[in-house]
Amino acid sequence: MRLRYIFCLSITGFLAGCKMTAPQYPVAKTLPDSFGVGAADTSKSIAAIPLREFFNDPFLNDLITTTLHENLDLKIAMQRITMVQAGIRLGRGALLPSFNGVVSAGQKRFGDYTMDAIGNYDTNFSENIREDQKLREHMPDYYAGLQSSWEIDVWGKLRNYKRAALSRFLASEKGKLWVTTSLVAEVASLYYELLALDNEIEIINKNIVLQERALEVIQVQKTAGRANELGVKQVAAQLFNTKSLQARIRQEIIEVENHINMLQGRYPQVISRGKPIMEQNLPNALKIGIPAKMLTRRPDVQQAEYEFIATKADVRAARAAFFPSLTITSAFGLQSFNASHLIEPGSLAYSFLGGLTAPLFNKNKIRSDYQVANASGMEAFYRYQKVTITAYQEVVNNLTRIENFGEVAEYKKDEVEALNNAVSASNDLFATSFASYLEVITAQRSVLEAELNLATIRKEQFHAIISLYKSVGGGWE
């Protein structure tokens, strides 16, 4: 048995590692006790409501289901998770000894003026060796056996690499869930955008009918001498403007449909819709919950947290690189320069080598790696803080949007009703010459704008609720 111990211990490297203390991270900001909009509700939050219960439109639910199965971004996220899983297996493997089966054959010749050649030449004259043991000028070398290498993780460097890989895997899982949540919110928002555009087309079509009727009336009045060409042209101009708006909205509908199709990974086609947006029901109970509980449910907050944990493990691993590492290598097998004797007991060979090494000339590189890991850890901490604060603000913004848009919608309904009455009155007055064509045009334009604004507010109400559902971490379960 051949046993060798090699100790290459650098005292300066060891002391340098001792001086590299662990980084001190700032104290995390404490979340408020509530979202500031009403009292904190500890009952079941909307985040826990399943998709098909939260969105009660079967057409929308079918769109979301198809998107979650076919979306290309989700498939990309899954491949990233697979890549990170490989990193976990690599980290686990680094903690275990490596075993390799080796079968090799070679041949070598030493120069005549080398110690090996001269020693081999003299050895052949020894009376202690048999004829089949004599060395040849062209010496073969045959080997079959096992070789092993094992770095013993004395300072936890490899274990921290494993922890970092595991944390990044969990972060990638949460990243995939965040993609899911974002997709659900995006598809739902686009769906209600589509319903709002359909409603706008319906409003415009109704106004085109009114304006065409007004144009016919003023043309009759011109023939009768009760109106002039200027009035006819202005009413006609308003009609052309409304028809151009109709064409623009038709184009917007096509683009929104194509956007939904793109999210589903398919080529353009017509999107099936449910009830009109004005007949769709808004969710009634908007229970939120306590911030500390709700925001930690969000996949992007969890992802940032796991990434921060991974960088802390990187820092510990980089710090451990300053300390000596212990590596054990061994080999066991059959070795011979004569193939006919390779499988005989006398060809048995084995070796054992223990090596303790520490950095000597590459301290600057290790120190730089440690500083980079430390800075990455601080960056991940601040990113986690930013994501948390952003999540809190999104919840507050959406809560206030829901409240304020609900109030705006009520006023807009009253405005539309009043302006529709004004249009009817102006048409009756114009027909009896008690109102001018300008008053008719103004009334029709006002009601068109008011109805379009009401449709926009209705759409914004749905968008606010969808954004709230997303901001509290709903939609990924």
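Helices α6 and α7 are roughly antiparallel to each other, a label given to angles over 145 degrees. This is a predicted model, in which local features need pLDDT of at least 70, side-chain atom pairs count only at pLDDT 80 or more, and totals for chains, interfaces and linings use all residues. Residues are numbered from 1 along each chain as its sequence is written, and side-chain values use heavy atoms, without hydrogens and water.

**The α6–α7 pair**
- The axes of α6 (residues 157–223) and α7 (residues 229–263) come within 8 Å and cross at roughly 160°.
- α6 passes α7 in a left-handed crossing, meaning that the near helix is turned anticlockwise from the far one by less than a right angle.
- The contact of α6 with α7 has 22 nonpolar, eight polar and 11 charged residues.

**Residue T67**
- T67 sits in helix α3.
- Leaving aside neighbours within four places in sequence, T67 is in contact with L183, V187, L263 and Q264; contact means heavy atoms within 4.5 Å.

**Confidence**
- The protein averages a pLDDT of 81, and 86% of the residues score at least 70; pLDDT is the predictor's confidence in each residue, from 0 to 100.
- Where pLDDT is low, the predicted coordinates should not be read in detail.

Methods. Helices (H or I, at least four residues) and strands (E, at least two) are DSSP runs, numbered from the N terminus. Axes are lines fitted to C-alpha atoms, for helices over the stretch in contact, and angles run from 0 to 180 degrees between N-to-C directions. Angles under 35 degrees count as roughly parallel, over 145 as roughly antiparallel, 65 to 115 as roughly perpendicular and the rest as oblique. Ala, Val, Leu, Ile, Met, Phe, Trp, Tyr, Cys and Pro count as nonpolar, Asp, Glu, Lys and Arg as charged, and the others, Gly among them, as polar.
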